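Here is a short briefing on one protein chain. Please look over the sequence and the model first.

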Amino acid sequence: LKLEGHTGSVLSVVMSGDGKKIVSGSSDKTIRVWDLETGKETLKLEGHTSYVTSVVMSGDGKKIVSGSSDKTIRVWDLETGKETLKLEGHTGSVLSVVMSGDGKKIVSGSDDKTIHVWDLETGKETLMLEGHTSGVRSVVMSEDGKKIVSGSSDKTIRVWDLETGKETLNLEGHTAGVNSVVMSGDGKTIVSGSDDKTIRVWDL
């Protein structure tokens, strides 16, 4: 299957939990939703004014969250295709977004060196995590919703306590920027990928 329609680079893709839909974000400023059985584009979401760098779908498949170089995070209703929330607060490009398993929180990492935590019901920012000395390229949340892991251009991976907003670990070893981080389901292992051409596995 080959899905065509974007007029710019595709920067982020995600699949729905039931495996029936794909969501893509692109440098053409759009988010597109695709039917995986037919390969057809079913929705085109427009509103961002710059590259869409990161997309994520809620567990129930009803919402899409997108982050963009326009410094905003937007929430979309997947049934109507309408934008329901616009989250503003970052002063640089939003490079990574993730949603908590219960669909109540959004975490965003930005070129402005910060991580923001948002309440999805109110649209309010509840925490700002500071410590990285360069852009935050990747964020992930533990399954229990208690920890955030971030990877940055500053070559470090940091672990944060979501209740207190405190940094609990600073993992050093990469010799270039960290592009991607992921955490195991039990929250005990982190894997990171870097511009230094290595993948590293860390025990928490």
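This is a predicted model: local features need pLDDT of at least 70, side-chain atom pairs count only at pLDDT 80 or more; totals for chains, interfaces and linings use all residues.

Residues are numbered from 1 along each chain as its sequence is written, and side-chain values use heavy atoms, with hydrogens and water left out.

**Overall build**
- The protein chain has 0 helices and 19 strands (DSSP runs numbered from the N terminus: helices are H or I, at least four residues; strands are E, at least two).
- The C-alpha trace spans about 45 × 40 × 30 Å along its principal axes.
- Of the 204 residues, 49% are buried (under 20% relative accessible area, 1.4 Å probe, protein chains only).
- Among contacts (heavy atoms within 4.5 Å) with a separation of 6 or more, 33% link residues 24 or more positions apart.

- Four strands pair antiparallel in the order 9-10-11-12 (pairing needs at least two DSSP bridges).
- Strand 9 (94–99) and strand 12 (125–129) are the edges; each has a single partner strand, so one side of each lacks a neighbour in the sheet.
- Strand 11 (residues 115–119) joins strand 12 through 4 bridges.
- Isoleucine 115 faces leucine 129 of strand 12.

**Hairpin**
- Strand 18 (residues 189–194) runs antiparallel to strand 19 (residues 199–203), with 5 bridges.
- Isoleucine 190 has tryptophan 202 of strand 19 as its bridge partner.
- The hairpin has 4 residues between the strands, and lysine 197 takes a positive phi near 75°.

Terms used
Buried means under 20% relative accessible area, exposed over 50%, partly exposed in between (1.4 Å probe, protein chains only).
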